[in-house]
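Please read the following notes with the model open beside you, and check each point against it as you go. They are written for someone who is new to reading structures.

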Amino acid sequence: MPKNSKVTQREQSHEHVTESVADLLAHEEPLDYKNSSLNVGGAAGKKVPQIEVPENDGRPAWNSKLQYILAQVGFSVGLGNVWRFPYLCQKNGGGAYLVPYFILLIIIGIPLFFLELAVGQKIRRGSIGVWNYVCPRLGGIGMSSLMVCGFVGLYYNVIIGWSIFYFFQSFQYPLPWSDCPIRKNGTLAIVEPECDKSSATTYFWYRQTLNTTSTIAESGGLNVKMTLSLLVAWIIVCLAVIKGIASSGKVMYFSSLFPYVVLFCFLVRGLMLKGSVDGIAHMFTPKLEKMLEPQVWREAATQVFFALGLGFGGVIAFSSYNKIDNNCHFDAVLVSFINFFTSILATLVVFAVLGFKANIMNEKCVVENAEKILGYLNSNVLSHDLIPPHVNFSHLTTSDYAEMYGVIKTVKEDGFAQLGLEPCVLVDELNKAVQGTGLAFIAFTEAMTHFPASPFWSVMFFFMLINLGLGSMIGTMTGITTPVLDAYKVQKELFTVCCCIVAFFCGLLFVQRSGNYFVTMFDDYSAGLPLTVVVILENVSVAWIYGTKRFMQDLEDMLGFRPCIIYFYLWKYVSPLCLIVLISATVIEMAVSPPGYNAWVQELAQERFQSYPPWALAMCFALIIVAMLPLPVVFIARHFNLMSDGSNKLSVSYRKTMMKDMSNLEEQDEARFILGTKPGEAPIAPARRPYLTPGGNKPMDPNSLSPNSCYGTSYQNAAISPTTPSTPDTPVTPESDS
């Protein structure tokens with residue numbers, strides 16, 4: 001373009017610009033006209049140039065590929081890998097559960113993870129900007145992702161706070177949860193009744209840590225210890241994300257790698273414990289009949305879905321800081337399999353430790369019931385003839401007890417129930433399914449009290465939980481901050497600090513004495529259904545509205561190679577169908593299962609299921625509605641032109657790319673390129689460009705783009721004949737992939 005052209009003069013000028021070029025840049029989507037996937041022109045047979053994003057566009061970038069991979073691994077590998085996946089394995093057929101999980105990982109997990117990585121990397125914006133670009137009417141997808149991230153971040157950091165509290169409590173010997181407290185009443189010293197009825201670790205969790213109330217309706221006031229722990233957790237998160245990826249990327253080197261060190265140490269130590277092999281064998285003994293149950297497949301799909309962090313926006317945000325030619329397909333496969341093998345590793349560790357715990361508890365059961373039998377023998381309730389001659393009560397084995405128990409049960413058939421004897425079967429102890437906080441803060445802590453040097457292992461375990469939670473929180477916070485910082489000119493550090501302060505005060509809901517019940521409520525209702533809806537809309541907007549052929553061509557332009565054609569069918573047919581089934585199953589389960597929570601009843605010293613009161617039930621459904629509300633609101637507002645499509649929020653990189661593209665058109669008339677040769681005449685449309693289909697190249701219909709179509713751009717005239725005037729009211733015409 002000549003140096004004295006209007007565009008060049010205005011790019012270098014500081015004067016206020018009101019002519020067409022400035023108007024175009026202020027109202028158009030962030031799009032490179034020649035190189036965009038939306039350019040339906042181009043000479044047939046010519047190689048389409050790749051989008052070149054300026055290196056100095058001002059957007060932060062990862063220091064290295066390793067840093068980026070660790071960030072994605074840290075976000076996807078979280079507490080669910082440690083305390084959710086092992087529980088689902090135990091519940092759903094042991095080793096047989098791995099088959100549906102792996103199948104669904106291949107047909108749902110990796111394709112959708114690849115899709116999020118690709119759109120984030122291509123458009124180089126957060127979740128709100130990405131979906132405004134792909135389809136403005138579905139721009140509420142990004143806003144819903146942000147809402148869900150906010151809800152999850154509120155209660156997820158509370159769990160980190162609990163881990164911080166246990167971490168500092170672990171620097172004691174013996175561990176404070178190893179024995180029940182003694183209550184003194186004058187000269188008498190008795191064991192705390194609530195602890196005696198349950199266990200030392202259970203009592204420490206519910207009474208010393210949470211000091212929980214018996215119902216969700218009873219607030220009980222703030223728990224000072226948990227409030228301080230939550231404050232520390234938010235300070236750590238704030239320091240980790242305050243500089244964006246410049247700070248969080250460095251944190252990931254430690255927070256992503258340290259948990260693997262601890263897991264391997266626990267695995268080696270666990271395999272040396274008595275009974276660990278029993279736990280692992282029980283875990284991987286396949287119950288093949290379970291694979292035929294629909295519930296197993298539904299829970300496997302849900303676990304795949306949440307294990308990879310789909311729909312949160314963190315995956316998109318992290319990938320938006322990549323170079324445009326980064327091999328995101330390799331990243332998707334690598335991170336997905338790292339996540340899967342981490343779950344397997346965590347399951348081995350958990351069941352090695354739980355196998356040890358089961359043996360300890362089974363031996364304790366044998367000793368207690370043997371003492372009962374001796375009492376019955378001494379009081380002549382039972383005859384000595386019932387005891388096999390080889391049984392030695394001073395060295396009673398589990399097999400000897402099982403034989404003795406069987407004889408007594410057979411002889412005393414009528415009055416056996418009054419004896420109160422327990423079978424003490426190891427398998428029954430192993431079948432006690434424990435998940436979530438119960439696994440980490442009760443079952444695992446109880447097992448560690450029997451370890452030699454138990455404080456050391458406790459410190460390592462809870463430090464690992466802190467790091468696992470921190471990696472996920474960094475991704476969650478990035479899913480909140482990146483879209484906002486992309487859309488609005490706000491100071492990064494100030495905005496991050498304000499977010500953390502607001503989140504801390506909102507999180508006080510979870511650190512009152514009844515806060516544990518609200519954590520359960522948010523975990524059950526704030527993320528499950530809304531995230532599933534978000535992901536299926538992501539899938540549909542790319543595969544059916546933007547177009548799978550067009551997206552495949554974009555990937556080839558970005559990566560330099562054509563992805564496997566199987567992705568075409570997975571994105572277009574398989575994944576949407578699976579997600580629809582998952583949504584239907586989730587809604588049915590919510591309708592069938594009574595909404596409620598497990599409350600700790602102090603008098604009984606055990607949990608008891610309670611239904612939510614009406615106000616809490618309303619709160620549950622409000623969480624779902626609020627999380628999904630942006631979807632219909634944005635769609636309606638943009639359908640009736642009540643809201644901007646967000647295209648005026650151009651990033652610096654797109655502005656520079658557009659100016660660079662226009663400056664190369666030296667032999668074309670500037671006015672003709674922007675305004676047409678005459679007032680009201682459309683810009684010249686280049687020749688059509690072929691798009692990939694499963695069967696090969698097929699030219700796309702030049703009329704498939706309409707002015708209001710959901711392709712996130714206002715270059716509506718690019719695909720219209722030069723003599724055809726623009727028609728702003730043309731209806732949406734999605735691409736056909738047939």
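1. Lys91 counts as partly exposed because its relative accessibility is 33%, where partly exposed means between the limits for buried (under 20% relative accessible area) and exposed (over 50%), with a 1.4 Å probe and protein chains only. Lys91 forms a salt bridge with Glu299, and the closest N and O atoms of the two are 2.8 Å apart; a salt bridge here is a side-chain nitrogen of Lys or Arg within 4 Å of a carboxyl oxygen of Asp or Glu. Since Lys91 belongs to helix H5 (residues 85–91) and Glu299 to helix H15 (residues 294–307), the pair ties together parts that are 208 residues apart in sequence. Glu299 is buried, with a relative accessible area of 6%.

2. Before going further, please keep in mind that this is a predicted model, in which local features need pLDDT of at least 70 and side-chain atom pairs count only at pLDDT 80 or more, while totals for chains, interfaces and linings use all residues. Residues are numbered from 1 along each chain as its sequence is written, and side-chain values use heavy atoms, with hydrogens and water left out.

3. The chain as a whole holds 30 helices and six strands, these being DSSP runs numbered from the N terminus (H or I, at least four residues, for helices; E, at least two, for strands). Of its 738 residues, 55% count as buried. Among contacts (heavy atoms within 4.5 Å) with a separation of 6 or more, 80% are between residues 24 or more positions apart. The chain exposes about 31,500 Å², of which carbon and sulfur atoms supply 63%; accessible areas come from the Shrake-Rupley method with a 1.4 Å probe, and for residues only the protein chains shown count as cover.

4. Which helices cover the buried residues of H11? The cover includes H8 (140–169), H10 (200–209), H12 (245–255), H22 (454–487) and H23 (492–506). H11 itself (residues 224–241) has 18 residues and reaches 26 Å from its first C-alpha to its last, close to the 26 Å expected at 1.5 Å a residue, where the expected span is 1.5 Å times one less than the number of residues. Its buried residues include Leu230, Ala233, Trp234, Val237 and Val241. An α-helix has 3.6 residues a turn, so residues three or four places apart point the same way.

5. H11 also has residues that take part in the surface. Val224, Leu228, Leu231, Ile235 and Leu239 make a nonpolar surface patch of about 490 Å²; patches are made of residues with over 30% relative accessible area and no salt bridge, with like charges joined within 9 Å and nonpolar side chains (Val, Leu, Ile, Met, Phe, Trp, Tyr) within 5 Å. Leu239, which lies in H11, counts as exposed because its relative accessibility is 59%.

6. H10 is largely enclosed by the rest of the structure, because nine of its ten residues are buried, including Tyr203, Phe204, Trp205 and Tyr206. For H23, the 15 residues should span 21 Å at 1.5 Å a residue, and the end C-alpha atoms are 21 Å apart, which agrees. The buried residues of H23 are Phe495, Thr496, Cys499, Cys500, Ala503 and Phe504, and what covers them includes H8, H11 and H22.

7. A search of the whole structure finds eight salt bridges. One of them joins the side chains of Glu493 and Lys243 (3.5 Å, N to O); because Glu493 lies in H23 and Lys243 in the loop between H11 and H12, this pair ties together parts that are 250 residues apart in sequence. Glu493, at 24% relative accessibility, counts as partly exposed, and Lys243, at 45%, counts as partly exposed too.

8. Most residues other than glycine have a negative phi, and most peptide bonds are trans. The peptide bond from Tyr173 to Pro174 is cis, with omega near -5°, and Pro174 is placed in the loop between H8 and strand E1 (182–185). Ala453, in the loop between H21 (436–448) and H22, has a positive phi near 55°.
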